[in-house]
Amino acid sequence: MNIKPLADRVLILPDAAEEKSAGGIILPDSAKEKPLRGKVVATGNGTKDEEMVVKAGDAVLYGKYAGTEIEFEGTKYLIMRQSDILAII
């Protein structure tokens with residue numbers, strides 16, 4: 001991985017969005033819910049006030065509007081502050 005987050009930032013690979021509804025109806029891209037969980041790919045070193053609690057490989061839950069979407073080598077990632085993560089699963 002060539003992306004190294006700085007300070008208290010975390011790089012997350014979001015889980016795939018649901019392709020079908022509970023009734024088996026195929027959902028168009030505009031109707032799909034943004035996933036609220038993902039896998040930590042890389043973390044920064046933390047700050048002097050906040051140590052990093054999450055580590056690469058952790059499955060996490062985050063807020064609906066948390067982070068900034070980036071695309072690297074054809075894969076979409078989210079980069080966000082550790083404080084935007086709600087829980088480790």
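Which residue's side chain meets that of Asp15 in a salt bridge? Arg37 does, at 3.1 Å, N to O. A salt bridge here is a side-chain nitrogen of Lys or Arg within 4 Å of a carboxyl oxygen of Asp or Glu. The pair links distant parts of the chain, 22 residues apart. Asp15 sits in the loop between strand S1 (9–14) and strand S2 (37–43), and Arg37 sits in strand S2.

Some ground rules before I go on. This is a predicted model, where local features need pLDDT of at least 70, side-chain atom pairs count only at pLDDT 80 or more, and totals for chains, interfaces and linings use all residues. Residues are numbered from 1 along each chain as its sequence is written, and side-chain values use heavy atoms, with hydrogens and water left out.

Back to that pair. Are its ends buried or exposed, or something in between? Asp15 is partly exposed, at a relative accessible area of 32%. Arg37 is partly exposed too, at 39%. Cut-offs: buried is under 20% relative accessible area, exposed is over 50%, and partly exposed lies in between, with a 1.4 Å probe and protein chains only.

Now the other salt bridges. The count comes to 4. One of them joins the side chains of Asp8 and Arg9, at 3.6 Å, N to O. Asp8 is buried, at 7% relative accessibility. Arg9 is partly exposed, at 30%. Next, Asp58 pairs with Lys55, and their closest N and O atoms are 3.3 Å apart. Asp58 is buried, with a relative accessible area of 10%. Lys55 is exposed, at 53%. There is also a network: salt bridges that share partners join Asp8, Arg9 and Arg81. As background, side chains of opposite charge can pair when their charged atoms come close.

On to the fold. Strands are DSSP runs (E, at least two residues), numbered from the N terminus. Two strands pair if DSSP finds at least two bridges between them. What is the strand order in the open sheet? Its 6 strands run S4-S5-S1-S2-S3-S6, with antiparallel pairing. The edges are strand S4 (68–72) and strand S6 (85–88), each pairing on one side only. The twist averages 45 degrees from one strand to the next. For that angle, axes are lines fitted to C-alpha atoms, and angles run from 0 to 180 degrees between N-to-C directions.

S1 and S2 are antiparallel over 5 bridges. There, Pro14 stands opposite Gly38 in S2. Gly38 also has a bridge partner in S3, namely Val60. S2 and S3 run antiparallel, joined by 3 bridges. On S5, the partner strand is S1, antiparallel over 4 bridges. Leu11 stands opposite Ile79 in S5.

Last, the interior. A nonpolar core is a set of buried Ala, Val, Leu, Ile, Met, Phe, Trp, Tyr and Cys residues joined through side-chain atoms within 4.5 Å. How many residues make up the largest one? It has 11, among them Val10, Ile12, Val40, Val60, Tyr62, Leu78 and Ile85. S1, strand S3 (59–62) and strand S5 (75–81) each supply at least two residues of this core.

Take Leu78 as a close-up. Contact means heavy atoms within 4.5 Å. Not counting residues up to four places away in sequence, Leu78 touches Val10, Leu11, Ile12, Pro14, Tyr62, Ala66, Gly67, Thr68 and Glu69.
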